[in-house]
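This report describes selected strands, helices and loops of the model shown below.

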Amino acid sequence: MAEFELNGKAVSVEVDAGTPLLWVLRDDLGLTGTKYGCGIAQCGACTVHMNGEATRSCLLPIEDVHGARVTTIEGLGQGGLHPVQELWLKHQVPQCGYCQSGMIMAAAALLSENPNPSDEDIMARMTNICRCGTYSRVRAALEEARGGNRMGAPA
Amino acid sequence: MNELTTSRRLFLQASGAGAFVLAFPVLAEGTRRGGEGYRTAYLKITPDDEVIVISPLAEIGQGTSTALSMVIGDTLDADWGRILVELASVDPAYNSPILFQQLTGASTGTSGFNGIFRKAGATARTMLLQAAARRWNVPVEQVQTQAGRIIGPRLGMDVRYGELASTISLMPVPEKIIERTDARPRFEGARITRIDLPSKVDGSAQYAVDLRLPGMLYAAVAAAPVFGGKLKSDQRAEVLKRKGVRGIVDLPNGVAVVAERWWTARTALDALQPEWAETPHDSVNDASIMAQFERDFAAQPGVVVEQRGSPEQMMGKAHKVITGRYQVPFLAHATMEPMSCVARVERGRGEIWLGSQHPANARAAAAKVLGVPDDRVTYHPLIAGGGFGRRQETDMVQQAMMAAKQFSPRPVKLIWTREEDVSHDFYRPAGISEIKVGITGSEIVAYSHRQVTPSILARMYPVAMKEFDSVVTDAVVPPYEFQHVDARWVRSETHVPAGMWRSVGASQTVFAIESFIDEIAAEIGIDELALRRKLLAKTPRALAALDKLVEISGWPGPTSSGSAIGIGLSHKWQDCLVAQSAQVAIRDGRLIVERICTVADPGRAVNRDAVIAQMEGAAIWGLSSALFGQITIANGCVSESNFHDYRVVRLSETPILDTVIIEGGDPIEGTGEGGSPNVAPAICNAIYKLTGKRIRRLPIMTQFMEQEDR
């Protein structure tokens, strides 16, 4: 059994200790906004916040979540839209949308730690994969978040 | 968290965007009934003023649901906040006027359907005007529409569309349509938040992987690693004892584990340890496939795809003949949502839930499993996590239905692992392209292009297959003014399944052509832009696109900063004209694509921002395949398995993208794929400028390393 805080509420689940958090969220707790994309922590579609940090949930055994504070895309806005979600709408970032929960969670964690991330910070932290190729709009949204300071070309 | 507040805020913050709803069974044209509002195949108006746009196209991220809603919004003069989108089920009414089947493909969504939806909106508006005029007993010229209302000439003559919806459902379709003439702004051309976006930023969007039905079971699947292989043995006796495992499903080419949870099924699949029977293809690898291509290429002249003038004669008379040979590998789609499908069988009827690019085929695949007529299966459309051509296939439907049949009446949700998805795709075919031109003085007097590849159409759409495959040979003759042309295709099949893949044949032909145009320019001794301009002298729209590209890209580019700009131009079938540039630098031996500029002329852009998004996405698609994309065949099977070895571009490798849309005038052309195929040659052309080395084989990164090592 694992007990943790999920989107501000205490939850307890009875599953095998090795079950990844991703599948507990999706299949046991019914929160399907967090997505499976690769299962090897490469693509970031499964990104949630654990104790405030962007964490890939597809390889994270539920036993390691015991006692932690977990936020998913469903709980990010706390009753409304999180500023990152607002920016995502404004810049029309999503296409198919499948990777965007993870992308948004990664961006929200980055900005909460550092509201003015450098190009290097953004490139190092935004490693999520998007096959529709929405990266330029993710960049645009993050540029606005840091006060309109444009990013340079990859170096 | 208050769900209602959340969704309401979302709704408002989406600039009054309409909501996105899931389909319920659709009534075809001609089955309109009174009392329930106005219902046709493409458009419904409910008595409480909802305008429901029924999109015949899969919503795979391209945004056609919104584009068609904008068309309805304008022609019906609807209130944008009351527009809802429903994805269509299967019906001949939804066959594409271009592709003659219900198919989301070839970038023909908006270009194919905008006319039908214009007519649907304008027809309903005309009937609303007529109904109101009759109600008020005034001439129809004296009534007008105003964003979901009809206004008459006298005070109090003001009625909502919903109030007349049931009335117009009983009226005959008007012979003459009354067009809108008011000066109020239109949705088309405006910046509209895509209807599907609110649900895609708050996690509520529902894909097939997300569907939850009562009593649902979960399936994980393993197909034979060698395509066409069969299961020999496995450890099912042990696996069936596992907690939560409900059973094993034998598939034609593999095996599935069905369990109470997906993770249980997935881990049980590992424990199943399937052993696979030998196949005739166990020793096939990349080298043997390439050797086969070379053999067939040498032995056969190929079938003629296009011929004009006297190419052979002119080639013989040319002062000089130069040849370039280009090679591309197999490529996977790797949609972010792995292949998935939910299926249920109850009392001889089937149901499937997925986002399919080819719903009739999906339904037929399910019906075949059950041995029932197609109409005994219901297709429930869902949005899909990327398509790119992959979801025109039905392999996942067959598998899900076989599992559902075994566990009837419980629904079964099948989700592929990423490993399964990468290694059991229908791949962009590998192939070789050889271009030969005859040059006399500074003139190109003959153009010949010969390809060897497997076919796609022969398996997927045999009725569309001619002597040659028009999909893999797409754009084999460029839009340049060549008098004497010979284009041929040599078919060479392998056991590796080949399928539609964003930009398909053009991803091979344009790579070869646009690289070789630069080689020709160097041979003649003029710059690559001047050569293209000369060859496009009679194509003003192409010249305009090139001019704009020069303007925004800064071509020929800085000579001091260590970067160079390469260009390309193409106009693939059903897609728009695109001129593109890549600014490339090499720093400390590392190749960096700094900027990609795209100029596209689709004739007209219904949803301009979505067209720009398509161009941006296509550029990244082209960049991933140009730099890294490679599916390797070894021992008959795919070597790559996940994103660690099937590498795709990430944000840190994303160039600055600058995109300009030129609206050169009707007809509307597609925008889904044209932004992709020029990327590889533009990069290679820039690399040539920087290093003097010509890359003729993709992906660039492996080539680039090899060249740097020498």
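Two strands are taken to pair if DSSP finds at least two bridges between them. Helices (H or I, at least four residues) and strands (E, at least two) are DSSP runs, numbered from the N terminus. This is a predicted model, in which local features need pLDDT of at least 70 and side-chain atom pairs count only at pLDDT 80 or more, while totals for chains, interfaces and linings use all residues. Residues are numbered from 1 along each chain as its sequence is written, and chains are lettered from A and ligands numbered from 1 in the order in which they are written.

**Chain A**

Strand β1 (residues 2-6) of chain A is joined to strand β5 (residues 69-71) of chain A by two bridges, and the two run parallel. Within this pair, Leu6(A) stands opposite Val70(A). Both strands belong to an open sheet of five strands with mixed pairing, in the order β2-β1-β5-β3-β4 (chain A). Its edge strands, each pairing on one side only, are β2 (9-13) and β4 (53-56) of chain A. On average, neighbouring strands of the sheet are turned by 40 degrees against each other, direction ignored. Axes here are lines fitted to C-alpha atoms, for helices over the stretch in contact, and angles run from 0 to 180 degrees between N-to-C directions. Helix α4 (residues 100-113) of chain A lies across β3 (47-50) and β4 of chain A, at about 35 degrees to β3(A).

**Strands and helices of chain B**

A residue is buried if 20 or more other C-beta atoms lie within 10 Å of its own, exposed if 12 or fewer, and partly exposed in between, with C-beta atoms placed from the backbone. By this count five of the six residues of strand β17 (residues 349-354) of chain B are buried. Strand β16 (residues 340-346) of chain B runs antiparallel to β17(B), joined to it by five bridges; Arg344(B) has Glu351(B) as its bridge partner. The two strands form a hairpin with two residues between them, and Arg347(B) in the turn has a positive phi of about 45 degrees.

Five bridges also join β17(B) to strand β18 (residues 377-381) of chain B, this time in parallel. Here Leu354(B) stands opposite Pro381(B). The chain passes from β17(B) to β18(B) through helix α10 (residues 359-370) of chain B in a right-handed β-α-β crossover (with the strands pointing away from the viewer, the path from the first strand over the helix to the second runs clockwise).

Helices α14 (residues 506-524) and α15 (residues 528-535) of chain B pack at about 105 degrees, with axes 9 Å apart. They are therefore roughly perpendicular, a term for angles of 65 to 115 degrees. Residues in the contact (C-beta atoms, placed from the backbone, within 7 Å) include Ile517(B) and Ile524(B) of α14(B) and Leu531(B) of α15(B).

**Loops of chain B**

| Site | Backbone value |
|---|---|
| Ser408(B) to Pro409(B) | cis, omega near 5 degrees |
| Leu698(B) to Pro699(B) | cis, omega about 0 degrees |
| Asn137(B) | positive phi, about 55 degrees |
| Ala147(B) | positive phi, about 45 degrees |

Pro409(B) is in the loop between α11 (395-406) and β19 (412-415) of chain B, and Pro699(B) in the loop between α18 (679-691) and α19 (700-709) of chain B. Asn137(B) is exposed, with 7 other C-beta atoms within 10 Å, whereas Ala147(B) is partly exposed, with 14.

Definitions and conventions
Parallel < 35°, antiparallel > 145°, perpendicular 65-115°, else oblique. Contact = placed C-beta atoms within 7 Å.
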